[in-house]
Amino acid sequence: MALVNMVMPKMGESIMEGTILNWLKKPGDSIEQDESVLEVATDKVDTEVPSTHAGVLKEILAEVGKVVPVGSAIAVIETEAEAPKTSIPASTSAVAAVKPESIAVLTPAANKAVMNRFYSPLVTNMAKKEGIGLLELENLPGTGKDNRFTKKDMSAFLENRQSSTLASSFAQVSDVPAPQAQVAYMTSGQDEIIEMDRMRKMIAQRMVDSKRIAPHVTSFVEADVTNLTFWRNRIKNDFKAKEGDALTLTPIFLEAVIKALKDYPMMNVSVDGDRIIVKKDINIGMAVALPSGNLIVPVIKQADKYNLVGLARKVNELAKKARENKLSPDDLSGGTYTVSNVGSFGNVMGTPILVQPQVGILAIGAVRKKPAVIETPLGDTLGIRHMMFLSHSYDHRVVDGSLGGMFVRRVADYLEQFELDRKIW
């Protein structure tokens, strides 16, 4: 038998710590290799962490709600393999070998009790949101070890609680980020106050930071997308039958953006102080609305390497992973330009906010039938066309109106020049 430390893995280029959201296993449980052991939240995404060893979970070293630096021990696993003679540095692996006698040293010190018993950060946050005072909390029976009041106890209490007068104000004992569930409570007979969930807090902070960092300018272009709309409507059933998935307009829009970025590489840059970093890879972020109402931006890495079928597969894959909360931190990192399809909400245009440190983001409006002037060799005529607006926001520190305007015009040109007889396979 050997004891190994499971440590907080590095889950992205810029991620240095993670918050323990939930343990999927408890001490004594058997664990298969690559089986998920816990859920961790980073500043980018929530994700499940798998075990790199098969064995038995001997001890949990990091409680729910604790913020743990990358490389720090979070659990001890007993494996059937013999203990290695030399240990692996924690910073280079998700698991490092430890000697049995060192386990006690790795166990974190007991958290400081509040009043007469310990409350986890998760429980204290739940109590705060429900307006439960500390004195009231102290009088509630717990089913955990040493009468510990657990999340399960809190959930049962909240379900069964009838209207009651709140006790004394709750003293906050932790600054751990709030759980993702939105909890609402009434402060009067009319107004409802909803605590922001953790993702909404992150979105809010990033939006404020982006507007503070970059002077935003937005250019608008209206594009005639009649040809590509007819083409897509004609081929979508065959695509579904052959590929097993839907062909939406999004991959067609992304293809046009990729071509325009090749034509205008100074839109595929980021800003670092007084330096402009020109990106060689074209990594397209695509905004996805989640069932919770929040927005997340997974990234298609090296998007210019895909043909239209490949883009369609990647768009569907990332959208599905986003809505099922299965995105990895790597799925959300490295973007060089972002596209947001506001038309999916019925909006005709918008003024999107930049994803830092990118310098451009394109909002695609709803496709609508409109009367339009059509130029023919015999003169102008009126016709019903499928039209849409493109809204291009850009960082005016490094992108002037000429570049920002020409770029979005080029995207529109590629969309308008779409060939009706185009072959996809």
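Modeller: Here is a short tour of a helix pair, a sheet and a hairpin.
Modeller: This is a predicted model, where local features need pLDDT of at least 70, side-chain atom pairs count only at pLDDT 80 or more, and totals for chains, interfaces and linings use all residues. Residues are numbered from 1 along each chain as its sequence is written, and side-chain values use heavy atoms, with hydrogens and water left out.

Colleague: At what angle do H6 and H8 pack?
Modeller: About 70°, with the axes 13 Å apart. H6 covers residues 226–243 and H8 residues 308–323. Therefore H6 is roughly perpendicular to H8 (65 to 115 degrees counts as that).

Colleague: Which residues make the contact?
Modeller: From H6, Trp 231, Phe 239 and Glu 243. From H8, Leu 308, Val 309, Ala 312 and Arg 313. Contact means heavy atoms within 4.5 Å.

Colleague: And by class?
Modeller: Five nonpolar, no polar and two charged residues.

Colleague: New topic. What is the strand order in the open sheet?
Modeller: E5-E4-E2-E7, with antiparallel pairing. Strands pair if DSSP finds at least two bridges between them.

Colleague: Which strands are at the edges?
Modeller: E5 (46–50) and E7 (67–69), each pairing on one side only. The twist averages 45° from one strand to the next.

Colleague: How many bridges join E2 to E7?
Modeller: Three. Thr 19 stands opposite Val 67 in E7.

Colleague: What about the hairpin of E13 and E14?
Modeller: Four bridges join E13 (residues 269–272) to E14 (residues 275–278), running antiparallel. Val 271 stands opposite Ile 276. Two residues lie between the strands, and Gly 273 takes a positive phi near 65°.

Methods:
Axes are lines fitted to C-alpha atoms, for helices over the stretch in contact, and angles run from 0 to 180 degrees between N-to-C directions. Angles under 35 degrees count as roughly parallel, over 145 as roughly antiparallel, 65 to 115 as roughly perpendicular and the rest as oblique. Ala, Val, Leu, Ile, Met, Phe, Trp, Tyr, Cys and Pro count as nonpolar, Asp, Glu, Lys and Arg as charged, and the others, Gly among them, as polar.
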